[in-house]
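Dear colleague,

Please find below the structure that I am handing over to you.

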Amino acid sequence: MEKVVAKSKKVYNKGKRSFLKGAAWIAAGGFIAKLIGAVYRIPLTNLVGGYGLGLYQMVYPVYCMLLTVSATGIPSSIAKLTAERVGKGETGLPVFKTAMRLFLLIGVIGTAFMCLLAPFLSAAQGSRAVLGGYFTLAPSVLLVSAISVFRGFFQGKNNMAPTALSEITEQAVKVGFGLLFAYLFRANVQRAIIFLLLAVSLSELTALFLMLFLFRRDTSPRISQKIEEKISAKTVLKLSIPVTFSSIILPLSALLDSVLVPRLLGAYSANAVTLFGLFSGGAVTIINLPVSICYGIAAASVPAVATAITRKGRGTGGKKTDSPRKRILYSLFVTIAVALPSAIGLYLFAEPAAKIIFRALSGEELRTLVGLIRAFSVSALTLSCVQTLSACLTAQGKPQYAALSMLIGVTVKTGLYVWWLQNPKISVFGVAHATNVCYLVAFLLNLVYNLIVSKEKRKE
C-alpha cells in the first residue's frame with residue numbers, strides 16, 4: 001500500500017513539474033514578446049504620436065475579432081484533442097492533419113471577409129485613413145490560422161517551446177519592420193500606419209516558416225505519411241466552435257468599443273480618438289504584460305487537466321492525488337501567485353511604467369494614462385484568472401460555460417460605460433472601471449462552473 005501511495009505521489013509531482021515547465025516556457029515567450037511589444041511603443045509613439053496610435057488601435061479590434069474566429073480558439077481545442085490521444089498512447093497527427101485543412105479554409109474566408117468589410121468599417125469609425133491598413137493586415141488572419149494549429153499540436157504533446165519561440169519571432173520581426181516603416185514614413189502618419197500593419201503580416205509569415213521547420217524536425221516524414229487514421233472535421237469543430245465563440249466575445253467587444261467610445265467621448269471632448277488610444281493602446285498594453293505571462297499557465301492547464309481526466313482510474317492514483325479538480329485549483333493558485341503581485345506593482349509604479357514605455361507622452365496625456373493604468377490594474381489579476389479557468393473548462397469539454405460567463409461580463413461592461421461616459425467628469429475612466437467589472441463577473445462565474453463540472457467528472 002505504501003508503495004502505491006509513493007508511486008502516486010511521484011506521478012503527481014512529476015505532473016506538477018511538467019506543468020510548471022510548460023507554463024514557464026510559454027510565460028517566458030509571452031513575457032519577452034510583450035516586453036518587446038511594449039518597448040516598441042516608445043519609439044513608435046515618438047514617430048506617430050497619440051493620433052497615430054489611435055488610428056492603429058482602430059484597425060486592431062476588427063483584426064482580433066476575425067483572428068479569433070479563424071485562429072484564437074484553435075490551440076486549446078487542438079491541444080485537448082491531442083492530449084487525450086497522447087494520454088492513451090496514440091499519435092496526435094490525425095488531429096493535426098484534419099485541423100490544418102479545416103482552419104486553412106477558415107483562414108482564407110477570414111482574410112477575404114476583412115477585405116470586404118474594410119470600406120464599411122473605416123467609414124463607420126469616421127476615419128477613412130485606416131482603410132489601407134485593413135488590406136495590409138488581412139493576410140495575417142490566414143497565416144495565424146496555420147500557426148495556431150501547429151501551436152495546438154505541440155501544446156497537446158506538452159511541448160510549449162515552439163509556441164514561445166514563434167511568439168518571440170513574431171514580435172521581433174514586427175518591431176524590426178514596424179520601426180523601419182514608421183521612420184521612413186514619419187512625415188505621413190496615415191501612410192505610416194498602413195505600413196505598420198503590413199509589418200504584422202510579415203511577422204506572421206516568418207513565424208509560420210519557423211513552425212513548419214520545428215514540426216518537420218519533431219515529426220518523422222515516414223511516420224507522418226503512414227498515418228492513415230482520420231479524424232472527422234466534425235470532431236474538431238464540436239470543440240473548436242464553443243472555444244472560438246468564447247474567445248471572440250472580447251475582440252467583438254473591443255470592436256464595439258472602437259465605434260462607441262470615440263463617439264461617446266466626442267460629445268464633449270475634441271481629443272476622443274487620443275483618449276481611446278491612451279486606454280486601448282496604452283493602459284491595455286501595459287496590463288496585458290502580466291496577463292501574457294499567465295497565458296502560459298492557461299495553455300499548460302489544457303493538457304494537464306485533459307490528461308488527468310483521461311488517466312483517471314488507470315492505476316496512477318488519479319482519483320485521489322491527480323484529479324482534474326486538483327489540477328484546476330493548482331493552476332488557479334499559480335495564476336494568482338503571479339498575477340496578484342503584478343497587479344499591485346502596476347498600481348504602485350504606474351507613473352514610471354508609463355514614462356518608460358510611452359516616453360513621448362507628457363502633460364495631460366501622461367497624467368490620463370497613469371490614472372488609467374491605476375484604475376485598470378486590478379484586471380491584471382482577474383483577466384489572468386479568467387483565461388486560466390476558461391482553459392480548464394475547455395480541457396473538461398465545457399468551453400461553452402466560459403463563453404457564457406464572458407458574454408455576461410461584456411454585456412454588463414457595455415451597459416456601464418455607455419452610462420458612465422455620458423459624464424465628462426468620469427470620461428474615459430468609465431471604460432476602465434466597466435472593464436474591471438466585466439472581468440470580475442467572468443472570473444466568479446468561471447470559478448463556479450469549474451467547481452460544478454469537476455465535481456460531475458469525479459462522479460463519472
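A residue is called buried when its relative accessible area is under 20%, exposed when over 50%, and partly exposed in between, with a 1.4 Å probe and protein chains only. By that rule, 55% of the 460 residues of the protein are buried.

The model is predicted, so local features need a pLDDT of at least 70 and side-chain atom pairs count only at pLDDT 80 or more, while totals for chains, interfaces and linings use all residues. Residues are numbered from 1 along each chain as its sequence is written, and side-chain values use heavy atoms, with hydrogens and water left out.

Overall architecture

The protein contains 17 helices and 0 strands; these are DSSP runs numbered from the N terminus, with helices (H or I) of at least four residues and strands (E) of at least two. Contacts are heavy atoms within 4.5 Å. Among the contacts with a separation of 6 or more, 85% join residues 24 or more positions apart. The protein exposes about 19,700 Å², of which carbon and sulfur atoms supply 67%; this area comes from the Shrake-Rupley method with a 1.4 Å probe.

Packing of α15 and α16

The axes of helix α15 (residues 379-395) and helix α16 (residues 399-420) come within 7 Å and cross at roughly 145°. Axes here are lines fitted to C-alpha atoms over the stretch in contact, and angles run from 0 to 180 degrees between N-to-C directions. On the α15 side the contact is made by V386, S390, L393 and T394, and on the α16 side by P399, Y401, A402 and M406. By class, this contact has 6 nonpolar, 2 polar and no charged residues (Ala, Val, Leu, Ile, Met, Phe, Trp, Tyr, Cys and Pro count as nonpolar, Asp, Glu, Lys and Arg as charged, and the others, Gly among them, as polar).

Salt bridges

The whole structure holds 6 salt bridges, each defined as a side-chain nitrogen of Lys or Arg within 4 Å of a carboxyl oxygen of Asp or Glu. One of them joins K80 to E84, with the closest N and O atoms 2.5 Å apart. Both residues belong to helix α2 (residues 74-87) and are 4 residues apart, about one turn of the helix. K80 is buried at 9% relative accessible area, whereas E84 is partly exposed at 24%.

In helix α13 (residues 350-357), E351 and K355 are likewise 4 residues apart, about one turn of the helix, and their side chains meet at 3.1 Å, N to O. E351 is partly exposed at 34% relative accessibility, and K355 is partly exposed at 41%.

A further salt bridge links E364 and R367, again at 3.1 Å, N to O. These two are 3 residues apart in helix α14 (residues 363-376), so about one helical turn separates them. E364 is exposed at 53%, and R367 is exposed at 54%.

Aromatic pairs

The count of aromatic pairs is 12. Rings of Phe, Tyr and Trp (its six-membered ring) pair if their centres lie within 6.5 Å; planes under 30 degrees apart are stacked, over 60 edge-to-face, and the rest tilted. F185 and F195 form a stacked pair, 4.5 Å centre to centre with 20° between the planes. F185 lies in the loop between α6 (161-184) and α7 (189-218), and F195 in helix α7, so the pair ties together parts 10 residues apart in sequence. F195 is partly exposed, at 26% relative accessible area.

Yours sincerely
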